[in-house]
Amino acid sequence: MAGVRNIPEIMHRTLFRTVSLLGRGQSVVLGRYFDWWHRTPDPWKLATDEYEHYKYRTTLEQLPDRPYRSILDVGCSEGVFTCMLAENYPEARVTGLDISARALERARARGRHLADRLSFARADLLIPTHNDTYDLVFCAETLYYLGREERLRLAAARLGGLLAPGGLLVAVHPWPEARRLHGHLDSAPGMSKISEHVDEGTHRPFAVSIYQAES
Ligand SMILES: C[S@@+](CC[C@H](N)C(=O)[O-])C[C@H]1O[C@@H](n2cnc3c(N)ncnc32)[C@H](O)[C@@H]1O
């Protein structure tokens, strides 16, 4: 499988590709799977792992300096990066979205001190639930759970639809797999890639790709 480096990752991608054959049942399975995965707090150690924090800082460094007012973090897990966004952008309303209700319970507890402008909602990225748009949308370390190309194409359309005119979408995934995961974003109508930063200086290289919606 192009861009996937080792046997556990190949098995991981095969598992989620198989789940994506379920049609609408994919959403139910992913919801249950990620609730189970979050059976213990912070399963990916996002709050404490130095690599994750390096990736968060590197992501924020790529952003054009703009007065962002509405920010969405898709696949926010327990809200570590979402809270960082609310702290870094004190003028913005920030929303975290995830398919796992259990992850979101912990995200709400983590962001309690910012609750006047930080909120969390349960939703499947692939299933439209509202018409809100945002001037900054993040989707990090999430697209490889969606499986088949057709699901990635749908995700690209959904993510594009979440952008306000001129809004930015920031996708962050392992490199070189990001070439495939971001491929449908590259060709999605209504937005264009304005930058791509590839960081190969760590044990797990990653790409930060930024897309801008038409004004
Ligand atoms: C590896 S975590 C990434 C957390 C965060 N974005 C980061 O980079 O620190 C992936 C998250 O995506 C969520 N997720 C997976 N599929 C999803 C979907 N279809 N819709 C919404 N969230 C999803 C999972 O529940 C999980 O919390």
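The protein has 8 helices and 7 strands, where helices (H or I, at least four residues) and strands (E, at least two) are DSSP runs numbered from the N terminus. The model is predicted, so local features need pLDDT of at least 70 and side-chain atom pairs count only at pLDDT 80 or more, while totals for chains, interfaces and linings use all residues. Residues are numbered from 1 along each chain as its sequence is written, and side-chain values use heavy atoms, with hydrogens and water left out.

**Overall form**

- The C-alpha trace spans about 45 × 35 × 35 Å along its principal axes.

**Ligand surroundings**

- The ligand is surrounded by 17 residues, the closest being Tyr 56, Gly 75, Asp 98, Asp 124 and Leu 125; a residue is near a molecule if one of its heavy atoms lies within 4 Å of it.
- This shell comprises 10 nonpolar, 4 polar and 3 charged residues, with Ala, Val, Leu, Ile, Met, Phe, Trp, Tyr, Cys and Pro counted as nonpolar, Asp, Glu, Lys and Arg as charged, and the others, Gly among them, as polar.

- Tyr 56 places a polar side-chain atom 2.6 Å from an oxygen atom of the ligand.
- For Asp 98, an N or O atom of the side chain is 2.6 Å from a ligand oxygen atom.
- Ala 140 contributes a backbone N or O atom, which lies 3.0 Å from a nitrogen atom of the ligand.
- The protein buries 98% of the 610 Å² that the ligand exposes when taken alone, by the Shrake-Rupley method with a 1.4 Å probe.

**Backbone features**

- A cis peptide bond, with omega near 10 degrees, runs from Trp 175 to Pro 176.
- Pro 176 belongs to the loop between strand 5 (163-174) and helix 7 (178-181).
- Asp 42, a residue other than glycine, has a positive phi near 45 degrees.
- Asp 42 is located in the loop between helix 2 (25-37) and helix 3 (50-61).

How values were computed: A polar contact is a pair of N or O atoms within 3.5 Å; within protein, one must be able to donate a hydrogen and the other to accept it, and residues adjacent in sequence count only if both atoms are side-chain atoms.
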